[in-house]
Amino acid sequence: LPLLLEATLLRLASGSHHPFYNGFYYNHVMNDKGKGQEKVVYFNGAKLVVETSKDPIYSSSGANVTLPCHYHYEPNLEAKRKIRIKWSKLRDDYTKEQDVLVAIGKTYMAFGDFQGRTHLRQAGRREASLVISDVRLQDDGKYRCEVIDGLEDESDVVDLRLQGIVFPYQPPRGQYRLNFHEAERVCQEQGAVLATFNQLFQAWSEGLDWCNAGWLADGTVQYPIRLPRKPCGGLHLAPGIRSYGPRHRHLHRFDAFCFSSALRGEVFYLDHPAGMTLEEAKQSCQDAGAEIAQVGQLYSAWKFLGLDRCDAGWLADGSVRYPITKPRANCGPAEPGVRSFGFPSKGRFGVFCYKER
């Protein structure tokens, strides 16, 4: 095909008619006439350039966000051109990209979970920015803005990062009981999603230290260590993210690292003089016009809303926990965090409830 294309171009250029012009720029057309070297063939057109933000774009769950994208020609073309714009999301495991939106002029189509939540912002000349409404946890990641002008196709990538928190999770059955698909499910049940490596790395840089290995969204198993110690890879290793690499998604079993973002509602505590069973706790939240809180909601309230309560309370998964932002006597360790009593089969406690605003 490159040889046929080059032959056609040379024939057109050498004819007596006007020079061939279609406004496109062609690169890497092979020159097979001599030494097998590449040469660049320019038409009397312009090179298409696509630019997005070099810095990450930050947002949170439930918010609206704009991913900037602009294009231009070098040298500039004044004539209005009919171009096609395509947005796609790069997957964490580097498999096929996820289609987000395709547009030609003012006509566009969104795909999958992005239907009804995305559109193009074309306020300025040669703008192709993507607007995402009601941002969801799974929207975090890298997006490709692709502009197609005939045979010319250029793109750039922008990084959308949700402000959130990573927390390790074990089910009631105990340590290392989850395959990859079960880990995905338990995170979703707790108002979260499986964390990405970038999210885990950010959490590690902010102080997360956890010696149990857990699944990440790309199918790898890793764990963050701030203080090297013998049971956690050994004393001879530097602090960092320890990796088991990709594991079999059905056969291998580990814990999970979940990611939750800022809340659109509030988490509050209810108590009873005699405490409550889990079922009584659920009913108390419903009587208050709320629902029993999920683990991810408690972590988010602790991190983003400063929730501080030195009283243990039931959560939706049957665990009992309490959040501490200001460590003090009789409230656990000297560091801030969410304390856990595990999954007691008996006992009476208060409850943490969640209510949408």
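Predicted model: local features only at pLDDT ≥ 70, side-chain atom pairs only at ≥ 80, totals over all residues.
Trainee: What makes tyrosine 176 count as partly exposed?

Mentor: Its relative accessibility is 27%, and since buried requires a value under 20% and exposed a value over 50%, tyrosine 176 falls in between and is therefore called partly exposed.

Trainee: How many aromatic pairs does a search of the whole structure find?

Mentor: The search finds 13 aromatic pairs, and one of them joins tyrosine 176 and phenylalanine 254.

Trainee: Why is the pair of tyrosine 176 and phenylalanine 254 called edge-to-face?

Mentor: The two ring centres are 5.6 Å apart, which meets the limit of 6.5 Å for a pair, and the planes make an angle of 65°. Because an angle over 60 degrees counts as edge-to-face, that is the name this pair receives.

Trainee: What makes you say that this pair ties together parts that are apart in sequence?

Mentor: Tyrosine 176 lies in the loop between strand S14 and helix H2, whereas phenylalanine 254 lies in the loop between strand S18 and strand S19, so the pair links parts that are 78 residues apart in sequence.

Trainee: Which residues form one aromatic cluster with Tyr176 and Phe254?

Mentor: Phe180, Trp215, Tyr223 and Tyr244 belong to that cluster together with them.

Trainee: How do you know that the charged end of arginine 249 sits near enough to the ring of phenylalanine 180 to count as over it?

Mentor: The charged end of arginine 249 is 4.3 Å from the centre of the ring of phenylalanine 180 and sits over that ring, and the distance part of the test asks for a value within 6 Å.

Trainee: Which residues of H2 are buried?

Mentor: They are Phe180, Glu182, Ala183, Val186 and Cys187.

Trainee: Where is valine 193, and why is valine 193 called buried?

Mentor: Valine 193 is placed in strand S15, and its relative accessible area of 16% is under 20%, so it is called buried. Leaving out residues up to four places away in sequence, valine 193 touches Cys187, Phe257 and Phe259, among others.

Trainee: How do you know that threonine 196 counts as buried?

Mentor: Its relative accessibility is 10%, and because this is under 20%, threonine 196 is classed as buried. Threonine 196 is found in the loop between S15 and helix H3, where residues touching it, not counting those up to four places away in sequence, include Asp92 and Leu216.

How values were computed
Residues numbered from 1 in each chain as written. Heavy atoms only, no water. Phe/Tyr/Trp six-rings, centres within 6.5 Å; stacked < 30°, edge-to-face > 60°. Helix = DSSP H or I, 4+ residues; strand = E, 2+ residues; numbered from the N terminus. Buried < 20%, exposed > 50% of the residue type's maximum accessible area, 1.4 Å probe, protein only. Lys NZ or Arg CZ within 6 Å of the ring centre and 35° of its normal. Contact = heavy atoms within 4.5 Å.
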